[in-house]
Amino acid sequence: MRLADATWTDVRDADVDVAFVPVGSTEQHGPHAPLGTDTLDAVAVAEAGAAAYEAAESAGDPDAGDDATAAGRVAVTPPIPVGVAEEHRAFDGTMWVSPETFRAYVREAAESLPGHGIDRVVFVNGHGGNVEALAEVARRFSRDDAHGGYAVAFTWFDAVGEHAGDMGHAGPLETALLRATNPDLVREDRIEEAREGAADRWGEWVSGVNLAHDSDAFTDNGVVGDPAAGDAERGEALLDLASDALAELAEAVVDRESA
Ligand SMILES: [Zn+2]
């Protein structure tokens with residue numbers, strides 16, 4: 001169930017197990033991919049993960065009749081579109097908020113849910129810069145005895161098996177997922193340009209420390225990795241891997257006794 005498309009009576013009457021809160025960013029993704037890439041990818045994974053969870057629940061309920069359906073057991077909330085992305089500030093159109101503002105906003109938004117009986121939350125993240133702050137939001141949400149809720153943070157590109165090492169930025173994985181889910185937004189005529197200005201890896205590393213606080217220090221056009229190495233077929237595989245991992249995680253979050 002897409003929360004923003006449902007009515008309040010739909011939500012009242014639904015049997016929601018868990019909310020998925022997509023968390024993205026509005027930031028440069030090279031000359032070929034849109035500023036909203038992280039948000040679009042997070043929403044795509046959240047919706048596919050909800051479908052996978054509901055399919056598994058429908059199949060696995062022995063008490064349910066032939067037309068058993070677990071539709072509506074996941075509430076996919078509207079996405080959080082601006083995150084912790086100041087590292088891309090040199091590139092036009094990039095937006096960000098401070099980690100403090102982000103943490104407070106995301107936590108308070110999630111805290112609206114337990115009062116409606118939705119006390120399990122999975123943040124479905126699409127942006128590396130949000131990871132640290134989201135982990136803290138999930139812990140704080142879970143430790144709050146006032147509502148008794150429990151939350152965890154999931155980042156889709158950490159849950160794609162052997163593909164994970166190719167992450168980059170606006171590189172093979174993100175471009176592949178866009179090609180599978182939002183192909184019209186990939187500027188295919190700029191892929192060559194994107195490859196030519198791309199860096200091989202994220203950051204400038206010495207003794208395990210990244211010296212570069214901002215991405216323009218190591219990539220001229222914002223790209224890390226080869227966006228040509230991720231076709232739509234690879235994007236479908238990534239979507240399957242990430243959504244299956246998310247469904248499995250959600251089951252564990254729902255079954256878990258408490259924080
Ligand atoms: Zn991204």
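Modeller: Partly exposed denotes a relative accessible area between the buried limit, under 20%, and the exposed limit, over 50%. The model is a predicted one.

Biologist: Why is Glu136 called partly exposed?

Modeller: Glu136 has 30% relative accessibility, and this value lies between 20% and 50%, so the residue is partly exposed.

Biologist: What makes the contact of Arg103 with Glu136 a salt bridge?

Modeller: The closest N and O atoms are 3.7 Å apart. The limit is 4 Å, so the pair of Arg103 and Glu136 qualifies. The two residues lie 33 residues apart, Arg103 in helix α3 and Glu136 in helix α4.

Biologist: Why is Asp214 called buried, whereas Arg89 is called partly exposed?

Modeller: Asp214 has a relative accessible area of 16%, which is under 20%, so Asp214 is buried. Arg89, at 48%, falls between 20% and 50% and is therefore partly exposed.

Biologist: How do you know that Arg89 forms a salt bridge with Asp214?

Modeller: Their closest N and O atoms are 2.6 Å apart, within 4 Å, so the term applies. The bridge links distant parts of the chain, 125 residues apart.

Biologist: What makes Glu47 and Arg2 a salt bridge, and which residues form a network with them?

Modeller: The closest N and O atoms of Glu47 and Arg2 are 2.6 Å apart, within the 4 Å limit, so they form a salt bridge. Glu47 belongs to helix α2, and Arg2 to the segment before α1. Salt bridges link Arg2, Asp5 and Glu47 in a network.

Technical notes. Residues numbered from 1 in each chain as written. Predicted model: local features only at pLDDT ≥ 70, side-chain atom pairs only at ≥ 80, totals over all residues. Heavy atoms only, no water. Salt bridge = Lys/Arg side-chain N within 4 Å of Asp/Glu carboxyl O. Helix = DSSP H or I, 4+ residues; strand = E, 2+ residues; numbered from the N terminus. Buried < 20%, exposed > 50% of the residue type's maximum accessible area, 1.4 Å probe, protein only.
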